[in-house]
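Here is a short briefing on one chain. Please keep the sequence and the 3D view open while reading.

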Amino acid sequence: MILPCSHDPNATNQIEPAIELLQHLDAKHPDILVAHGLIPEDYHPKLVFRSAVESIRGTYIASSLTQRQGLVGRVLERMRQGGSIVEYQPQGPHERFDFQVMMAKKPKEMAAVEVKGGEGNSINISDRPLWCNEFILWCHLDGAIVNQPSHGAAAIIFNRVSSEMVKRGKHVDAIIFKDSRCNTSLRVCPKYQGKTPSTELGVAPDIFLLPQTMPSKEDPNPPPHNLDSLRLPARILEAHGVTSSRLEDHVWQVTIGLTQGETRTLRETKIFHKGHLLEVRRTAR
């Protein structure tokens with residue numbers, strides 16, 4: 001797995017039985033529906049069950065969007081107060097990124113942060129501003145626990161971001177994964193081993209550093225960023241109380257290269273942690 005944490009199996013093992021119960025409540029327990037003023041015969045044919053599920057899902061999505069923006073805002077405010085960034089500004093709906101961050105005034109260094117959910121389905125509607133030195137994708141693995149955190153992270157890295165970089169030429173410098181459930185009873189964080197984080201920001205995120213330049217025919221295998229070639233990632237970790245000796249525990253490197261197959265050019269994406277290759281995937285460019 002590219003992320004070291006996993007859900008409590010006692011919780012994940014209950015998902016399928018819960019689905020089975022809710023889907024067949026009209027047949028197995030019609031008395032429960034009647035007791036709540038529902039008509040069992042309408043449960044599926046008249047879309048009562050489906051409509052209820054979609055309504056609940058919509059409520060969760062709206063709530064998650066607000067929570068994600070607020071969480072990133074709290075981190076950036078902590079960084080501003082601590083002096084690791086100069087200023088930050090939330091962006092309105094007319095912009096295709098969520099936060100503008102000034103890391104230094106002289107020389108002026110700017111970052112743009114785009115906030116997404118755990119699957120990154122909408123990464124294609126974000127844009128890297130021309131003025132930014134660093135473009136960061138901040139993802140929250142705060143959805144259902146049907147899949148492990150590594151599943152969402154892999155989907156974003158291998159399917160979404162690497163494709164956007166190669167096919168659309170959108171350069172993303174780093175991906176940040178943070179989850180409010182990390183280091184809880186649902187998902188113990190091995191990096192903390194049950195200990196309480198040293199700051200009120202909670203558990204530090206996992207940061208994936210992407211290539212320093214775009215892969216191209218002239219430069220098919222550009223090197224990945226490190227904590228010296230980017231400013232914002234290390235400062236985010238430091239704001240979470242991570243010491244310099246532990247920074248690499250939270251950092252992964254991603255290479256995205258182009259290789260020539262027998263009949264077509266392939267996109268090869270590799271993920272490393274502390275120099276060890278964790279996973280590699282090859283797909284059509």
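The points below go from the overall fold to the sheet, a helix, the aromatic pairs and the voids.

This is a predicted model. The chain has seven helices and nine strands. Of its 285 residues, 46% count as buried. Along the principal axes, the C-alpha atoms fill a box of roughly 70 × 55 × 40 Å.

**The sheet**

- Nine strands make up an open sheet. Their order is E1-E2-E3-E4-E5-E6-E7-E8-E9, and the pairing is mixed.
- Which strands stand at the edges? They are E1 and strand E9 (276-284). Each has a single partner strand, so one side of each is left without a neighbour in the sheet.
- Neighbouring strands of this sheet are turned by 20 degrees against each other on average, with direction ignored.
- Strands of a sheet pair through backbone hydrogen bonds, and the sense can be parallel or antiparallel. The next pairings show each sense.
- E1 and E2 run antiparallel and are joined by four bridges. Here Glu-87 stands opposite Met-102 in E2.
- E3 and E4 are parallel, with six bridges between them. Glu-114 stands opposite Leu-137 in E4.
- E4 also runs parallel to strand E5 (residues 174-178), joined to it by five bridges. Leu-137 stands opposite Ile-175 in E5.

**Burial of strand E4**

- How many residues of E4 are buried? The count is seven of its seven residues, and the strand is described as mostly covered.
- Both faces of E4 are covered. One side carries Glu-134, Ile-136, Trp-138 and His-140, all buried.

**Helix H7 and the residue after it**

- Helix H7 (residues 232-239) is mostly covered, with seven of its eight residues buried.
- The buried residues in H7 are Leu-232, Pro-233, Ala-234, Arg-235, Ile-236, Leu-237 and Ala-239. Arg-235 is one of them.
- Gly-241 follows H7 and has a positive phi, near 85 degrees.
- Gly-241 returns below, among the residues nearest the centre of the second largest pocket.

**Aromatic pairs**

- The count comes to five aromatic pairs. Two of them are described here.
- Phe-97 and Trp-131 pair edge-to-face, at 5.6 Å centre to centre and 70 degrees between the planes.
- This pair links distant parts of the chain, 34 residues apart. Phe-97 sits in the loop between strand E1 (87-90) and strand E2 (99-104). Trp-131 sits in the loop between strand E3 (109-116) and strand E4 (134-140).
- Buried or exposed: how do the two partners stand? Phe-97 has a relative accessible area of 4%, so Phe-97 is buried. Trp-131 has 36%, so Trp-131 is partly exposed. The cut-off for buried is under 20%.
- Why does the pair of Phe-208 and Trp-252 count as stacked? The ring centres are 5.0 Å apart and the planes are at 20 degrees, so the pair is stacked. The cut-off for stacked is under 30 degrees.
- Phe-208 lies in strand E6 (residues 206-209) and Trp-252 in strand E7 (residues 251-260), so the pair ties together parts 44 residues apart in sequence.
- Both Phe-208 and Trp-252 are buried. Together with Phe-177 they form one aromatic cluster.

**Cavity and pocket**

- There is one cavity of 30 Å³ or more. The largest cavity has a volume of about 100 Å³.
- The largest cavity is lined by 14 residues. Closest to its centre are Phe-177, Lys-178, Asp-179, Cys-182 and Asp-206. Phe-177 also belongs to the aromatic cluster.
- The lining of the largest cavity has nine nonpolar, five charged and no polar residues.
- The second largest pocket has a volume of about 270 Å³. Its lining has 13 residues, and Lys-191, Tyr-192, Gly-241, Arg-246 and His-250 lie nearest its centre.
- The lining of the second largest pocket divides into seven polar, three nonpolar and three charged residues.

Definitions and conventions. Residues numbered from 1 in each chain as written. Predicted model: local features only at pLDDT ≥ 70, side-chain atom pairs only at ≥ 80, totals over all residues. Heavy atoms only, no water. Phe/Tyr/Trp six-rings, centres within 6.5 Å; stacked < 30°, edge-to-face > 60°. Helix = DSSP H or I, 4+ residues; strand = E, 2+ residues; numbered from the N terminus. Buried < 20%, exposed > 50% of the residue type's maximum accessible area, 1.4 Å probe, protein only. 1 Å grid on protein atoms, 1.4 Å probe; cavity = no way out; pocket = protein on both sides within 12 Å on 5 of 7 lines; lining within 4 Å. Points joined across faces, edges and corners; volume = space filled by probe spheres on them. Nonpolar A, V, L, I, M, F, W, Y, C, P; charged D, E, K, R; others polar. Pairing = 2+ DSSP bridges. Axes fitted to C-alpha atoms, helices over the stretch in contact; angles between N-to-C directions.
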